[in-house]
Amino acid sequence: MTLLINMDEARGAHLRKLLADLAPGQKVVLQSDDPDPAQVRHILTWLVPEDLNRYPNLATVFSVGAGVEQFLGAELPDGVGLVRLISPGLTAMMQEYVTMAVLALHRHLPAYIDQRAHQVWKMVAIPPPAGYRRVGVMGLGELGRAVLEALRPFGFQLSGWARSPHAIDGVETFHGPQGLDGFLADLDFLVVLLPLTPETTGILNADLFARLPKGAHLVQVGRGRQLVQDDLLAALDSGQVAAAVLDVTDPEPLPQGHPFWTDPRIILTPHIACITQVEALAGPLAENLRRFDRGEAMSGAVKRTRGY
Ligand code: NDP
Ligand code: OXD
């Protein structure tokens with residue numbers, strides 16, 4: 001039962017050391033060990049290795065990240081399980097990032113950053129109390145639900161939207177295409193934590209922005225291809241969207257000269273909302289390997305037909 005770690009040598013070696021303590025019986029190899037392909041039962045990787053068919057006894061591909069869209073178009077043999085990363089460390093980072101982004105928009109930070117560049121000392125506007133403003137999270141999975149919990153203490157009104165019905169204390173929930181209008185209708189801040197699937201590709205478009213109240217704000221932490229960039233620029237120009245925090249773009253990095261780099265209404269970060277640290281990965285991975293050995297379902301198992 002060998003686990004092959006397909007990541008750079010230094011991080012791979014560090015993870016192997018951590019696993020020696022956390023999963024003592026588990027044989028762990030790196031690419032540089034030139035493992036016997038027949039022995040490899042599990043692979044941990046960020047992208048699908050080109051030579052996946054070399055491993056005749058492969059049972060599981062573990063993603064180094066939470067998003068798995070990069071695996072779904074690929075030639076994963078039918079019997080091979082795909083497992084995305086669910087880790088308290090990753091979740092905590094997303095809670096921090098989205099809290100930072102919502103508060104930055106609530107308190108007009110993009111405008112103050114722009115004023116500073118022009119040496120202007122002036123109040124932009126008095127922000128309404130948080131209790132008068134509504135934050136809506138698209139995607140009520142591991143991360144979306146955790147983000148709502150992190151925002152709760154500030155007193156915002158909270159909403160959520162997902163594919164299927166959810167009941168979350170103190171959160172008004174909506175689901176499916178039929179629930180989208182109601183969800184969007186009174187949001188001040190829209191947070192996007194959806195996986196990239198055919199249904200969510202291009203979902204952040206002119207039609208959706210038009211269904212928000214004028215002057216709403218966007219926090220996009222899902223995947224770059226969910227956003228129609230020209231539609232966001234047009235919505236910012238018309239004032240339909242007041243400002244945005246974007247952590248993901250298409251492509252990444254954005255090309256030099258792209259309007260997002262310099263638009264004062266946009267705060268842009270280079271896909272750093274969560275950074276998968278080896279320390280955060282080791283515990284959940286060890287636990288999933290134990291579950292596999294016991295024949296139990298693994299945490300983060302992806303339903304491949306569903307796309308997430
Ligand atoms: P989960 O799989 O746990 O949750 C996904 C949520 O999205 C579910 O609530 C699901 O609905 C909902 N959803 C999926 N498709 C649709 C749809 N067509 N319409 C409505 N709702 C839909 O994912 P996570 O919370 O762990 O992660 C979400 C995404 O965040 C990742 O896929 C990744 O793209 C992104 N991410 C970004 C990071 C960054 O650094 N910027 C870091 C980590 C993740 P239902 O509950 O009904 O199934
Ligand atoms: C992830 C990410 O999916 O970092 O984990 O985006």
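Figure 1. Helices (H or I, at least four residues) and strands (E, at least two) are DSSP runs, numbered from the N terminus.

A word on reading these views: residues are numbered from 1 along each chain as its sequence is written, while chains are lettered from A and ligands numbered from 1 in the order in which they are written. Because the model is predicted, local features need pLDDT of at least 70, side-chain atom pairs count only at pLDDT 80 or more, and totals for chains, interfaces and linings use all residues, while side-chain values use heavy atoms, with hydrogens and water left out.

**Figure 2. Polar contacts of ligand 1.** Look for Arg 84 here: a polar atom of its side chain lies 2.8 Å from an oxygen atom of ligand 1. A polar backbone atom of Glu 142 is 3.0 Å from an oxygen atom of the ligand, and a polar backbone atom of Val 221 is 3.1 Å from a nitrogen atom of ligand 1. The protein buries 93% of the 940 Å² that ligand 1 exposes when taken alone. A polar contact is a pair of N or O atoms within 3.5 Å; within protein, one must be able to donate a hydrogen and the other to accept it, and residues adjacent in sequence count only if both atoms are side-chain atoms. Accessible areas come from the Shrake-Rupley method with a 1.4 Å probe, and for residues only the protein chains shown count as cover.

Figure 3. Oxygen atoms of ligand 2 meet a backbone N or O atom of Gly 67 at 2.7 Å, a side-chain N or O atom of Arg 223 at 2.7 Å and a side-chain N or O atom of His 271 at 2.6 Å. Of the 210 Å² of accessible area that ligand 2 has on its own, the protein covers 89%.

**Figure 4. Gln 115 in helix 4.** Helix 4 spans residues 109–117 and includes Gln 115. Is Gln 115 buried or exposed? Its relative accessibility is 13%, so Gln 115 counts as buried; buried means under 20% relative accessible area, exposed over 50%, and partly exposed in between (1.4 Å probe, protein chains only). A polar atom of the Gln 115 side chain lies 2.8 Å from the backbone oxygen of Lys 122. Apart from neighbours within four places in sequence, Gln 115 is in contact (heavy atoms within 4.5 Å) with Val 120, Lys 122 and Val 124.
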